[in-house]
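Please read them with the structure open.

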Amino acid sequence: MDRGIELRERLLGFRPTDVLWGWLGPLLFAVLGGILRFWSLGRPHQLVFDETYYVKQGVSMLDHGVEMQWKGKGEEVDPLFTHGTTAVFKTTEGDMVVHPPVGKWVIAFGEWVFGSTSSFGWRFSVALLGTISILMVGRIARRMFGSSWLGAIAAFLMAFEGHHFVHSRTGLLDIILMFFALAAFGALLVDRDWSRARLARKVAGLPAGGFGTGPWLWWRPWRLVAALCLGLACGTKWSGLYFFAAFGLMTVFWDMGARRAAGARHWWSAGIFKDGVWAGVSMTAVVLATYLASWTGWFLTRTGFNRTWAQDNPGEGVQWLPPALRSLWQYHVQVLQFHDNLTSPHTYQSNPWSWMIQSRPTSFFYEAPTRGMTGCEVDKCSKAITSLGSVSIWWVATAALFVLLYHWALRRDWRAGAILAGFVGGWLPWFFLQHRTIFTFYTISFEPWVVLAVVFVIGLVLGPRGASARRRRVGHLVVGVYLLVVLANFAFYWPLYTAQVIPYDHWRWRMWFPSWV
């Protein structure tokens with residue numbers, strides 16, 4: 001066999017199979033999941049949970065280019081806004097908001113298309129990104145595991161996962177953060193395969209006895225795509241920085257593995273100095289440029305919060321920066337202080353230790369209709385939207401973490417390490433921020449890696465391709481039953497995901513633990 005082909009197969013790890021089947025399953029479940037997410041998307045026609053901030057701020061972005069203060073308190077403004085009065089903003093005072101602009105611009109797109117008074121428009125963009133992410137996680141699983149069947153299962157799990165479903169129908173920022181982080185992860189997977197094939201071609205002509213570090217790989221377009229996505233993630237919420245750090249380390253480890261597989265004697269130093277330093281410089285430059293570009297609306301106005309701070313406070317702040325950037329820096333200092341001091345108790349706050357088992361789901365919306373009110377035919381009813389993850393997925397993923405650690409640390413399975421990197425970027429940092437008021441719904445940011453963790457275990461249950469027919473039949477039977485359980489779990493909680501009016505007793509049936517109430 002030609003040495004270049006042999007190296008390419010060693011580096012890529014699997015051979016591509018039929019493209020049609022690789023797309024068909026994820027696409028099918030993305031379409032089905034999209035239908036469910038867009039069905040009655042505008043219901044309820046009122047601001048749900050933190051939509052009171054982000055939906056209105058999206059309208060402000062369209063009308064003023066920045067987030068402006070609104071006239072009065074939220075409980076005074078919200079009824080006017082939901083009944084069609086969107087001119088609720090002051091025209092001269094920018095609002096001190098604590099999250100960057102990208103997510104608000106994404107929400108604003110749906111409001112621009114369908115109108116600022118349309119509750120369907122408020123949630124259109126997040127529903128669209130939620131739907132696309134089903135396809136993305138299916139294709140990512142297909143690339144990671146080399147199995148169209150596992151790719152379809154990943155898309156199925158994402159389509160019928162309750163936490164993802166609720167966020168796909170609520171105008172919040174967190175699923176937007178998730179989308180860009182997932183896109184970055186997918187781009188880095190493509191870069192992994194693309195760069196390894198390129199490395200294989202380059203080293204094919206080198207001496208067969210081995211070489212020192214191997215050639216440089218300067219041009220890595222998919223890595224730059226990942227950096228762009230990570231910049232947009234950071235421009236949605238600062239917690240995108242954690243994904244940047246985790247994925248940056250991940251891709252450097254991948255480069256070390258590639259050079260080692262190619263036969264480099266000094267693979268670790270090459271991975272750090274030939275790949276790692278350049279990756280850090282190029283990706284940081286793209287992330288920073290993308291993040292700053294997301295503030296264009298703020299730069300182009302004089303009404304944005306702190307926009308003229310440098311002119312109003314000469315001699316203060318970081319003097320070597322231009323006035324606009326000095327003002328933006330001061331803005332960020334104030335936002336950082338806000339986040340660090342966000343310690344006020346909240347009914348639905350939770351501890352990151354309990355997130356994976358969904359011990360304290362966040363109630364986004366709750367009403368208690370009585371007999372005679374729309375849809376209520378008993379004395380007392382419930383109408384709720386609860387961001388509760390499907391326990392059939394999350395509880396299995398909790399156990400899967402130990403499987404992943406074993407396969408990464410002891411069996412050197414890069415796929416296990418890649419999935420764990422998603423947890424490191426989305427979950428681990430919150431353990432160091434437990435003094436803050438934080439919530440279980442933040443877990444949506446690493447939801448895709450929860451699904452991929454379950455898919456990893458499902459792959460083990462199905463068994464290798466070379467296993468006996470009986471072993472494969474048993475594996476498929478177990479997985480088939482599990483997928484039916486996931487579907488039943490989703491159907492059972494459908495009323496609590498979509499604000500259906502149900503008897504109060506039926507709502508209580510679904511509150512399995514006191515901490516869920």
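1. Start with Leu230, in helix H10, which spans residues 221–234. The model is predicted. Leu230 has 0% relative accessibility, so this residue counts as buried; the cut-off for buried is under 20%. What is Leu230 in contact with, leaving aside its neighbours within four places in sequence? The partners are Ala184, Phe243, Phe244, Phe247, Met283 and Val287. Trp23 is another matter: Leu230 and Trp23 are 207 residues apart in sequence, and their C-alpha atoms are 25 Å apart in space.

2. Ala285 sits in helix H12, residues 267–293. Buried or partly exposed? Ala285 counts as partly exposed because its relative accessibility is 47%, and that class runs between 20% and 50%. In sequence, Ala285 and Leu224 are 61 residues apart. Their C-alpha to C-alpha distance is 9.6 Å.

3. Check the peptide bond between Arg43 and Pro44. That bond is cis, with omega at about 0°. Pro44 belongs to the loop between helix H2 (19–38) and helix H3 (51–64).

4. Two backbone angles deserve a look. Asn306 has a positive phi, near 65°, and is a residue other than glycine. Asn306 is in the loop between helix H13 (296–299) and helix H14 (309–312). With 16% relative accessibility, Asn306 counts as buried, because the cut-off is under 20%. Ala499 also has a positive phi, near 60°. The loop that holds Ala499 runs between helix H19 (469–497) and strand E5 (501–503). Ala499 is buried, at a relative accessible area of 0%.

5. How many cavities of 30 Å³ or more does a search of the whole structure find? The search finds four. The largest cavity has a volume of about 70 Å³.

6. H15 gives the most, with four residues. The lining divides into 20 nonpolar, nine polar and seven charged residues.

7. Last, the aromatic rings. The structure holds 60 aromatic pairs. Two charged side chains also lie over ring faces. Lys56 is over the face of Trp70, at 4.1 Å from the ring centre. Arg307 is over the face of Trp298, at 5.2 Å from the ring centre.

Technical notes. Residues numbered from 1 in each chain as written. Predicted model: local features only at pLDDT ≥ 70, side-chain atom pairs only at ≥ 80, totals over all residues. Heavy atoms only, no water. Buried < 20%, exposed > 50% of the residue type's maximum accessible area, 1.4 Å probe, protein only. Contact = heavy atoms within 4.5 Å. 1 Å grid on protein atoms, 1.4 Å probe; cavity = no way out; pocket = protein on both sides within 12 Å on 5 of 7 lines; lining within 4 Å. Points joined across faces, edges and corners; volume = space filled by probe spheres on them. Phe/Tyr/Trp six-rings, centres within 6.5 Å; stacked < 30°, edge-to-face > 60°. Lys NZ or Arg CZ within 6 Å of the ring centre and 35° of its normal. Nonpolar A, V, L, I, M, F, W, Y, C, P; charged D, E, K, R; others polar.
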